[in-house]
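Subject: The structure we talked about

Hello,

Here is the structure I promised to pass on to you. Please keep it open beside this message while you read, so that you can look up each place as it is mentioned.

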Amino acid sequence: MISVDRRRAFISSAGLVVGGMATAKLLPEEMLLRDRRPARSQVAILSADAYSEGLADSFTRVLSMFGLSLRHKSVLLKPNLVEYIAGVEVNTNPLLVSAAAEAFRKLGARSVVVAEGPGHQRDTYLVLAESGLDAQLRGHKLTFVDLNRDELIKVTTRANYTGLDHLWLPRTVLESDFVVSMPKIKTHHWAGVTLSMKNMFGIVPGTKYGWPKNVLHWKGIHRSILDICATAPIQFVIADGVIAMEGNGPLHGTHRHLGKIVLANDPVAADFVCAQLMGLNPNLVWHLDRASHFLGNGSPGRIDLITEQLPHQIVPFNVLPEFAHLRLRPKTLR
Amino acid sequence: MTKRLRQILKESQHADAMWGHQGHHGLIESTCLAMLALYRQSGHEQSPAVRALRDHQNPDGSWPAFSGDEPDGCWVTALAVIALLSAGSEVSSLSRAIRWLVGARGREANWFWRWRFQAADKSVRFDPAKYGWSWVPGTTSWVIPTAFSVIALSQARRLGINRTAVVTERIELGVSMLLDRMCPSGGWNAGNGMALGVQYSAYIDATAIALLALAGHETAPGVRDSLAWLVHRLPGCPSPYSLAWGILALSVYRNISTEASNALACATNELTALIDRGVGMDDECTLAVCALALDAVEGDNAFEVRS
């Protein structure tokens, strides 16, 4: 009798475990993840008609509103440096990068480095030189780290949207105290938009994953973005929307003079606000919607716009036909 | 100047006989390029670098991307073959590597994905029946891994390491993939030449490496256009890495094209000026490729596929 009871107990326990695992598989991934959303997030919209050295003072003033504690911290600026196409604003503007570096230095950062791993172009120095970023780096005595070839550390993923249980990520990123994602505000032909979270694709090393990081494309761009951002958190965002890109972004779209820079202490909140500035519905961008359930705030009720408010009127960005559903009607903007 | 580059390369070799990137952990790519720059003659079979490279070979014949990487094998296997062929390495290591290369193929080689790319997913213009090699297993073919694999197999065939029909077939398929993925205005981007109705622009390094692989196919459609693209793109190139790859390609075509020959002289002058100024010269791959480019100008091209 005792052995039968034990068998029943074992079968019941096993059933519970199997049932639990099956249920867990059916639950949305974010329900299984630790909720890392802050109670509230701050986002600053800064109007800027053009790129200039003067942006450093504006950044210092706005950054001080966030109450950041940067003293003795190492800051890593991650611009969006894709490739150079003459006459097309593809990359985060170099003046914006140097202005951010100067501002973080003024706020007491121990060190500021600029780091990026372009997705397709293996000659990182060529992109640096032709984009004008190299000149800015030299002028401001800034160190650049090629994340495609940096020393790598194997890290357990802190979300499981791709099924990858680990990623190899650059030591420079993982050992930085304060990672600042500096995207160019653009539409994206596969992901809908490319903002601060999508920008983190650039930390994934080409040495391990190739040029482009094709493994992640096959795992799904939205899913990869979530795993990367959950595993290598972004502490701050400075998004370049002075001249943004609409249409067939991120490379072959057209310029859109948005005249805005978005600063935020929460990448999800930053991307929600950026998408709204583009006249697009962030809740319909899969990775943004998912991220807003565990990684950061998407709900307007939990986002404080600490400088300017969203404009009353925005003409939605042109998008490829498959993303037409993202476009907001003007009256739903606010 | 090449002596100076080689001396810097020797000094940047790690204690484990590998090379990395700016002193970081050993990368197979850096190690192969440095070996090609330093040990491209027989008699180095037992050098520590050759032994280190062989020690990193996976049981299936492939190479990982770096020291400590998982043993999945990836695109650098082609570079390792080129480096070991140059150093006169033992045949068994090479045979296993060539077997792995012959079996490796882009994901579009699978019937399901080929069908999907042909029937359903037409946003990117390419012929999936013409497949090559990927950066890492399980992904689609890309230009640079395919070009290096074609070079590796062609050199192995030329040196008599493997002259089987299957090697010849893979070389021909790889060549057809490169020709298929060419940009409409010549040259090569990372992968396809056109997507979502947009013509992609070419990259210098991808174009140069593809042209190295296509030496002997000068009459194939688009090869001369791609050479012309490279000739016009190189002047003023600020990066020694891309310039050096451009020189390696031009040196192979100088005897069949006056433009290539003239451009080679100009590009060499520009490269030596950049090296003198130390611009963009702070990593081991660039140092090695620059040394290899200057050797190629003198007639000794490590990536030559013709007899």
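Is the crossing of H4(B) and H7(B) left-handed or right-handed? Before I come to that, please bear in mind that this is a predicted model. The two helices in question are H4 of chain B, residues 76-87, and H7 of chain B, residues 143-158, whose axes come within 8 Å and cross at roughly 30 degrees. Their crossing is left-handed. Where they meet, H4(B) brings B:Ala78, B:Leu79, B:Val81, B:Ile82 and B:Leu85, while the residues of H7(B) include B:Phe148, B:Ile151, B:Ala152 and B:Ala156. Sorted by class, this contact has 10 nonpolar, 2 polar and no charged residues.

In the largest nonpolar core, which has 201 residues, B:Val81 and A:Ala100 are the residues with the most contacts inside it. The element that gives the most to this core is helix H13 of chain B, residues 284-297, with 11 residues. As general background, nonpolar side chains tend to be buried together in soluble globular proteins.

Helix H13 of chain B also holds B:Thr286. This residue counts as buried because 25 other C-beta atoms lie within 10 Å of its own, and the cut-off for being buried is 20 or more. Not counting residues up to four places away in sequence, B:Thr286 touches B:Pro240, B:Tyr241, B:Gly280 and B:Met281. Of these, B:Pro240 is 46 residues from B:Thr286 in sequence, yet the two are 6.9 Å apart in space, C-alpha to C-alpha.

Chain B as a whole comes to 13 helices and 2 strands. Its radius of gyration is 18 Å, close to the 19 Å that the globule rule gives for 307 residues, so chain B is as compact as a globular protein of that length. Buried residues make up 55% of the 307 residues in chain B. Among its contacts between residues at least 6 apart in sequence, 65% join residues at least 24 apart. Helix H10 of chain B, residues 223-233, has several buried residues, among them B:Leu227, B:Trp229 and B:Leu230, and what covers the buried residues of this helix includes helices H9, H11 and H12 of chain B.

The two chains also touch each other, and the contact takes 25 residues from chain A and 24 residues from chain B. On the side of chain A that touches chain B, H4(A) gives the most, with 4 residues, and the residues of that side divide into 10 nonpolar, 8 polar and 7 charged.

Finally, there are some backbone details to check. Most residues other than glycine have a negative phi, and most peptide bonds are trans. The bond from A:Trp211 to A:Pro212, however, is cis, with omega near 5 degrees, and A:Pro212 lies in the loop between H7 and H8 of chain A. Another cis peptide bond joins A:Gly249 and A:Pro250, with omega about 15 degrees. A:Lys141, although not a glycine, has a positive phi of about 50 degrees, and this residue counts as exposed, with 8 C-beta neighbours inside 10 Å.

Best wishes

Terms used: Residues numbered from 1 in each chain as written. Chains lettered and ligands numbered in written order. Predicted model: local features only at pLDDT ≥ 70, side-chain atom pairs only at ≥ 80, totals over all residues. Core = buried A, V, L, I, M, F, W, Y, C linked by C-beta atoms within 7 Å. Buried ≥ 20, exposed ≤ 12 C-beta atoms within 10 Å, placed from the backbone. Contact = placed C-beta atoms within 7 Å. Nonpolar A, V, L, I, M, F, W, Y, C, P; charged D, E, K, R; others polar. Rg over C-alpha atoms; globule rule 2.2 N^0.38 Å. Axes fitted to C-alpha atoms, helices over the stretch in contact; angles between N-to-C directions. Left-handed = near helix turned anticlockwise from the far one by under 90°.
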